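The sequence and the structure are shown first, and the description follows.

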Amino acid sequence: MSTVPRRFEILLVAEHVEDRGGASVEDSAVRTAVVEATGHTGSSGYPRYEGHGIAADIDPETRTVEALLVDGRELDYGLTALVRTPPGS
C-alpha cells in the first residue's frame, strides 16, 4: 500500500520559451507554491492539495496534476504545471 505524500511543490512555467538565458525550467517558473494534502479527494478522484492560492488534484504515483486552480481560476493558456518534491523534504 502506497502512502500519499503530505506536500508537493508546484511550478508554473511557460510552455514555449525560446531562450531561458541558461536557466533551468524550474528556475524560470513564473510562480511556485508548496501545497499540502487536505485529506480530501478532488473532483478528479485524486488527492487534493492546497496552499498559497493554488488548489490541485495530484496523482501521487505519477506526479501528474489532474486538476488545478490558481487564485480560484483555471490556469492561463501557455502555462504548464510541474510537480516536484519541495526542497528539504
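Which residue in E5 stands opposite alanine 56? The residue is leucine 68. The sections below place this pair within the sheet and then turn to the charged side chains.

## Overall form

The model is predicted. The secondary structure of the protein chain consists of six strands and zero helices, and the pattern along the sequence reads β-β-β-β-β-β. The radius of gyration is 13 Å, close to the 12 Å that the globule rule gives for 89 residues, so the protein chain is as compact as a globular protein of that length.

Taken along the principal axes, the C-alpha atoms fill a box of roughly 40 × 30 × 20 Å. Of the 89 residues, 28% count as buried. Among contacts between residues at least 6 apart in sequence, 42% join residues at least 24 apart.

## The sheet

The six strands form an open sheet in the order E5-E4-E3-E2-E1-E6, and their pairing is antiparallel. Strands E5 and E6 stand at the edges; each has a single partner strand, so one side of each is left without a neighbour in the sheet. On average, with direction ignored, neighbouring strands of this sheet are turned by 30 degrees against each other.

At one end of this order, strand E4, residues 54-59, pairs with E5 in the antiparallel sense over six bridges. The pair of alanine 56 and leucine 68, the latter in E5, was named at the outset. Strand E3, residues 47-51, is joined to E2 by three bridges, and the two run antiparallel. Here alanine 37 stands opposite tyrosine 49 in E3. The hairpin of E2 and E3 has five residues between the strands, and glycine 45 in this hairpin takes a positive phi near 95 degrees.

## Strand E1 and its two partners

Strand E1 has E2 on one side and E6 on the other in the order of the sheet. Six bridges join E1 to E2, and six bridges join E1 to E6. Both pairings are antiparallel. E1 is mostly covered, with six of its eight residues buried.

Isoleucine 10 has alanine 33 in E2 as its bridge partner.

## Salt bridges

How many salt bridges does the count come to? The count comes to four, and three of them are described here, including the one between arginine 7 and glutamate 36, whose closest N and O atoms are 2.7 Å apart.

Glutamate 9 forms a salt bridge with arginine 84, and the closest N and O atoms are 2.8 Å apart. The two residues are 75 residues apart, with glutamate 9 in strand E1 and arginine 84 in strand E6, residues 79-84. Is glutamate 9 buried or exposed? Glutamate 9 is buried, because its relative accessible area of 9% falls under the 20% cut-off. Arginine 84 is partly exposed, with a relative accessible area of 30%.

Another salt bridge brings together the side chains of aspartate 71 and arginine 31, at 2.8 Å from N to O. Aspartate 71 lies in the loop between strand E5, residues 64-70, and E6, whereas arginine 31 lies in strand E2; the two are 40 residues apart. Arginine 31 is partly exposed, with a relative accessible area of 25%.

## Arginine 48

Arginine 48 is found in strand E3. The side chain of arginine 48 makes a polar contact of 2.6 Å with the side chain of aspartate 57. Leaving aside neighbours within four places in sequence, the residues in contact with arginine 48 include Glu36, Ala37, Thr38, His40, Ala55, Ala56 and Asp57. Among these, Glu36 is the residue that forms a salt bridge with arginine 7, and Ala56 is the residue that stands opposite leucine 68.

Definitions and conventions: Residues numbered from 1 in each chain as written. Predicted model: local features only at pLDDT ≥ 70, side-chain atom pairs only at ≥ 80, totals over all residues. Heavy atoms only, no water. Helix = DSSP H or I, 4+ residues; strand = E, 2+ residues; numbered from the N terminus. Buried < 20%, exposed > 50% of the residue type's maximum accessible area, 1.4 Å probe, protein only. Pairing = 2+ DSSP bridges. Axes fitted to C-alpha atoms, helices over the stretch in contact; angles between N-to-C directions. Polar contact = N/O pair within 3.5 Å; in protein donor to acceptor, adjacent residues only side chain to side chain. Contact = heavy atoms within 4.5 Å. Rg over C-alpha atoms; globule rule 2.2 N^0.38 Å.
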